[in-house]
Structure formats: structure tokens, C-alpha cells
Amino acid sequence: MKLFVFGLGYSARRFAARFMGERIVGTTRAPERAKAAGARFEILAFDGAHADPTIPARLGESDILLASIAPGENGDPALAHFAPAIAGSHWRAIVYLSTVGVYGDCQGDWVDEGSVTRPVSARSRARLAAEEDWRGLGRTIGAPVHILRLAGIYGPGRNALVNLRDGVARRIVKRGQVFNRVHVDDIAQAIGLAIEAGERRGNWQEIWNVADDEPAPPEDVLAFAAQLLDMPPPPEIPFERAQLSPLARSFYEENRRVSNAKLKRELGFEPLYPTFREGLRALAESGEGRLA
């Protein structure tokens with residue numbers, strides 16, 4: 001298998017590092033990250049406006065496509081610039097990384113892939129539009145497209161333990177508020193399962209929620225992380241008095257519980273970290289959050 005990745009970000013890099021294909025080609029806004037990415041990757045520059053001229057040829061040589069670029073004002077940048085090249089290639093599977101934010105505010109109710117999407121923020125509306133653009137391309141060219149709707153991502157270097165160590169964790173409390181999370185290694189597992197499913201079932205358009213098993217209040221996650229580090233948790237801050245950026249506040253304005261049952265039932269997803277407890281405990285055991 002030959003993998004092409006639009007956007008070698010946190011989640012895509014985690015999957016690509018474990019990908020056992022013949023070659024990995026990926027784009028990044030900052031080509032200087034090539035050394036950090038490792039010798040197995042061929043890094044090409046693409047910032048949504050300017051692109052390495054060899055990208056169309058590399059797309060033509062690939063058979064697995066992972067798209068992980070956030071949409072902009074003009075839609076998905078990869079499709080805006082490279083739709084003809086993508087359409088001209090033969091894909092065994094296309095996987096697009098989206099967000100559970102497309103469900104909008106569900107007042108704490110459970111949602112699954114059949115739930116109505118009511119995105120509130122502009123960024124989530126753009127994600128939903130990008131999902132349909134990728135699925136539409138798949139239908140047009142007869143390629144399997146899998147949309148993975150990701151919950152809040154955490155993992156090495158990006159977690160409550162690190163935030164506590166760095167003194168930036170705030171324990172904001174909003175009554176009834178919960179969030180789903182997902183460890184980056186479970187995202188990598190889901191990407192692999194979607195690729196395998198695409199290869200088995202041919203022209204198949206599908207959506208999958210990728211989340212942990214336990215939606216939980218964010219203050220509980222911080223308290224557990226503090227316990228792992230043998231330190232007191234930060235003081236509680238009522239949501240009404242919290243000084244939040246517009247972006248951070250928008251997350252608290254949406255409340256839902258995301259089901260991963262379909263991914264488990266149909267693709268055999270078995271989360272390595274079913275809840276934040278297993279995930280944070282493993283990260284703490286690896287040294288995350290400890291002072292040097």
C-alpha cells in the first residue's frame with residue numbers, strides 16, 4: 001500500500017508512523033518538520049494556497065488517501081487544489097478526519113451516526129460541508145470514502161497531565177457538561193480499520209464516530225490527572241465566572257454524549273483506552289506530566 005496524507009498533523013502522524021506500506025507521502029504547512037517526521041516520510045509543502053508542484057504526481061502513485069486538513073473559507077483545501085488529480089487516481093480507500101462537533105448542541109443526549117447534524121460553529125459547519133464534498137467525490141469516482149468524526153483528541157504531549165505540569169490547567173465547572181475524548185492511538189486504530197473496510201467492501205461511503213466509552217465532566221478528568229501526579233487539583237472555577245476565549249467558550253456551549261457502538265459492532269473497534277482513566281494512567285506511567 002502507498003499512503004498519501006494531506007496534513008501530517010498530530011493524529012495523521014501517529015497513524016503514518018505505524019503504517020507498514022511501501023511509501024508514505026505527506027503534506028505539511030512547515031516543510032522544516034521533515035526531519036522530525038522521520039526518514040520514512042516524504043514531506044511536501046502545502047499551506048492551502050501554495051503547493052509543491054510534485055503533489056499531483058505523488059497522488060497518482062498512491063492508493064490510500066488520508067485527509068486531515070481543516071477546511072477554510074473556500075472549502076476543503078485539498079479538494080479545492082487537487083480534485084482532478086485525486087479523481088484521476090485509483091484509491092483502495094479514502095479516509096477523512098472530521099469532528100463530532102458537526103452534531104452541535106444535543107443538551108447532553110446521546111448521538112450516533114444516524115443523529116441529525118446541527119453544527120453551531122462556523123468551523124463545524126465547514127467540516128460538515130467538507131464531509132459531503134469528500135463523499136460526493138467518492139461516489140463520482142467509485143472509491144470508498146470513510147468519514148471519521150473524532151472526539152477531543154489527547155495523547156503524548158497533549159493531555160491534562162502536561163497542562164497541570166505547565167500550570168495552564170483550569171478546572172472549569174459547568175453543571176451537566178460532559179465531553180467525549182479519544183486517545184490518539186485509538187484514532188490510529190480506527191483509521192486502519194476504515195482502510196481495511198474500504199478495501200474489502202469496494203465503493204462504500206460511511207461515517208464513523210471515534211470516541212471513548214465514557215463522556216465525562218472535564219473537572220473530573222483534571223482531578224484524576226492531579227491524583228496521578230500526587231498534586232492537589234486546581235480550584236474549581238464556575239463556568240459563569242471563567243475568562244475564556246471565544247473558541248474555548250464555544251466548546252462549552254455544546255453538550256453531547258457520543259456513541260462509538262457502530263465502530264465497535266461493524267469494524268471490530270476495541271479501544272486501547274476505553275476511558276480517560278486508562279489513557280491518563282498509561283501516559284503518567286510513561287512519564288508524562290513529571291517535572292524534569
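1. A right-handed β-α-β unit is formed by strand E4, helix H4 (residues 77-87) and strand E5. Right-handed here means that, with the strands pointing away from the viewer, the path from the first strand over the helix to the second runs clockwise. Helices (H or I, at least four residues) and strands (E, at least two) are DSSP runs, numbered from the N terminus.

2. The model is predicted: local features need pLDDT of at least 70, side-chain atom pairs count only at pLDDT 80 or more, and totals for chains, interfaces and linings use all residues. Residues are numbered from 1 along each chain as its sequence is written, and side-chain values use heavy atoms, with hydrogens and water left out.

3. Strand E4 pairs in the parallel sense with strand E1 (residues 2-6) over four bridges; pairing requires at least two DSSP bridges between two strands. Phe6 has Ala67 of E4 as its bridge partner. E4 also runs parallel to E5 (residues 93-99), joined by four bridges, and the partner of Ile64 in E5 is Ala93.

4. Strand E4 (residues 64-67) is covered on both faces: Ile64 and Leu66 are buried on one side, Leu65 and Ala67 on the other. In a regular strand, side chains alternate between the two faces of the sheet.

5. Ala67 lies in strand E4. Ala67 counts as buried because its relative accessibility is 1% (buried: under 20% relative accessible area; exposed: over 50%; partly exposed: in between; 1.4 Å probe, protein chains only). Leaving aside residues up to four places away in sequence, Ala67 touches Phe6, Val95, Tyr96, Leu97 and Trp134 (contact: heavy atoms within 4.5 Å). The C-alpha atoms of Ala67 and Arg135 are 12 Å apart, with a sequence separation of 68 residues.
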